[in-house]
Amino acid sequence: MIWAKEETLSRNEIEEIQLSRLQEVVRRIYEKVPAYRKKMDQQGIKPDHVKSLSDLKNMPFTTKQDLRDNYPFGLFTVSKKELVRIHASSGTTGKPTVVGYTRNDMKIWTECVSRIAAMGGTTDDDVAQICFGYGMFTGALGLHYGLENIGASVCPTSSGNTQKQIMYMKDFGTTLLVATPSYALHIGEVARQMGFDPAKDLKVKIGLFGGEGMTEAMRQEMYKLWGQDMKVTQNYGMSELIGPGVSGECLELCGMHINEDHFIAEIIDPETEEVLPPGEKGELVISCITKEALPLIRYRTRDITRLMYEPCKCGRTTVRMENLSGRSDDMLIIRGVNVFPSQIEEVLLKVPEIGAHYEIIVDRKDHLDTMEIKVELADESLLDSYAKLGELEHRIKSKIRVILGIDASIKLVAPRSLKRFEGKARRVTDLRTNML
Amino acid sequence: MIKQLSVFVQNEVGSLAGVTSILKENNINLKAIASFDTPEFAILRIVVDQPDKAKILLAENGYAVKITEAVAVELEDVPGTLNGMLTVIAEANLGINYIYSIVIRHKKAPLIIVNTDNLEKTVTVLRENGYLVADQEDL
Ligand SMILES: [Zn+2]
């Protein structure tokens, strides 16, 4: 079902709402956020220069670096007292990216997620199991509130302990699964190993997947594991923008509908930073036009996609973004966690026993992401014993775990054995491309 | 004591031959070699007639190499000698990390190389019990 009337407005109506909200938010950030005022002044833009939606292209971009530079609350337009929720996500340096919500922001967030869950087939009859990790990441609690708002019975099982997840699924009669697509496949496999046929013995009929992109191959595998009649959709968001709730697939499976009364989407050429015409592929740039605490304007998502403005067969008129086809930076998503190779590099450079060169190999085994880091041994004094070399591997592994929250396998290799690059180093090999 | 080279090698086809061919090309005589079954990488222990030259050459060829001292014990070819030596070490409360041997010596008895956490003490107790501990020149 279509959750809100805002999803079926005419283009003129949508754009009218967008313009008035954009003008209001630009005025607000100019007044309240010194960092925005400085950027706008440098580009010679005043709030009343925004007379039409096409004037948005003259506004400065916001990047993840801006959030870091203004850590933790520097880009907020409200005082800390007005916040009712704070979340954070990992950053490339030690400092995470901090986001906050006022009471009204929580309402917007919940509404946006409810729309997307409804698009994916959710009703108040569903028993929803949320297998995203709870905590500082926005994914779990975002879906949690949105699904509760629809009236589904929400089970916050969080991630991990897969056998127990399956026990709950069976005993509670779970009908809806929230997870990263790779974890959903893993759960399905484990259920099979436990002697269940997920398609017959479990009642899961809706999958709302996110946290990482889902390839068409993964979707096909999902049908095979969970049943051909499963409603398999993915949704998109990032904590900087709101969390989940920016966009999601409807059951027509022809791209993700963007909640356009809350977010304005543009596509730019990531090199020239020029706005590209509708339908062309480039980097997605999103402006938050209704949020109170942290309304980022022209946020560089680094995700590559295209926008489709034609009305959808489902009845919604909101613009659709094509399923992601890569990123304009080198961010990796490993087990749903954002990982920048620079974070790993920073850890490695502080280990004196190894050289400066490294290689990261990301793969997927049994539907779980794996990461191997090859480093060159530089300190010959460790050759006394295997124990010393083992201790070194162990130490690097635990440092990586502290920074990223995920396990990597560390492989020591001989000095000068890793590839050297003359130009831009290509240190990351992602073997998951087009994989299940 | 004698000098032993510890070389880091990856478990790949030809990795040992890579080391030995560098030694051969430079007329360095390989006296003993030991490596163990490990999944990822190995520490190769070798004894050669010119350890310092071998270290430089291997390092130049991209190997991580370390020279360490090693205890080499001459063993007569009679039953029970190896057991006798190991008992002496055990009774001195020294744990053995690894052990290998030099078999090819011109008309001399083979040498057993033992590594413990305390090499000095190992030499002392072996000599006290009448064992012949070799020096680099004895090779
Ligand atoms: Zn649709």
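I began with A:Glu353, which counts as buried because its relative accessibility is 13%, below the 20% under which a residue is called buried. I note at the outset that the model I am reading is a predicted one.

I then looked up where A:Glu353 sits, and found it in the loop of chain A that runs between α10 (341–349) and β17 (354–365). Setting aside neighbours within four places in sequence, I listed the contacts of A:Glu353 as A:Glu376, A:Leu377, A:Ala378, A:Asp379, A:Leu382, A:Leu392 and A:Arg395.

My next entry concerns A:Lys291, whose place is in the loop between β11 (282–288) and β12 (299–305) of chain A. Is A:Lys291 buried or exposed? With a relative accessible area of 2%, A:Lys291 is buried. Once neighbours within four places in sequence are left out, the residues in contact with A:Lys291 are A:Arg28, A:Asp105, A:Glu240, A:Leu241 and A:Ile242. I also checked A:Lys291 against A:Lys39, and found that the two are 252 residues apart in sequence, while their C-alpha atoms lie 20 Å apart in space.

Turning to chain A as a whole, I counted 11 helices and 20 strands in its secondary structure. Its radius of gyration is 23 Å, close to the 22 Å that the globule rule gives for 436 residues, so chain A is as compact as a globular protein of that length. Along the principal axes, I read the span of its C-alpha trace as about 75 × 60 × 45 Å.

I noted that 54% of the 436 residues in chain A are buried, and that its accessible surface comes to about 18500 Å², with 50% of this belonging to carbon and sulfur atoms. Of the contacts in chain A between residues at least 6 apart in sequence, 67% join residues at least 24 apart.

Last, I looked at where the two chains meet, and found 22 residues of chain B in contact with 16 residues of chain A. How much area is buried between chain B and chain A? The figure is about 1500 Å², of which carbon and sulfur atoms give 59%.

Technical notes:
Residues numbered from 1 in each chain as written. Chains lettered and ligands numbered in written order. Predicted model: local features only at pLDDT ≥ 70, side-chain atom pairs only at ≥ 80, totals over all residues. Heavy atoms only, no water. Helix = DSSP H or I, 4+ residues; strand = E, 2+ residues; numbered from the N terminus. Rg over C-alpha atoms; globule rule 2.2 N^0.38 Å. Buried < 20%, exposed > 50% of the residue type's maximum accessible area, 1.4 Å probe, protein only. Contact = heavy atoms within 4.5 Å. Areas by Shrake-Rupley, 256 points an atom, 1.4 Å probe, with all protein chains shown as cover. Buried area = accessible area lost by both parts, 1.4 Å probe.
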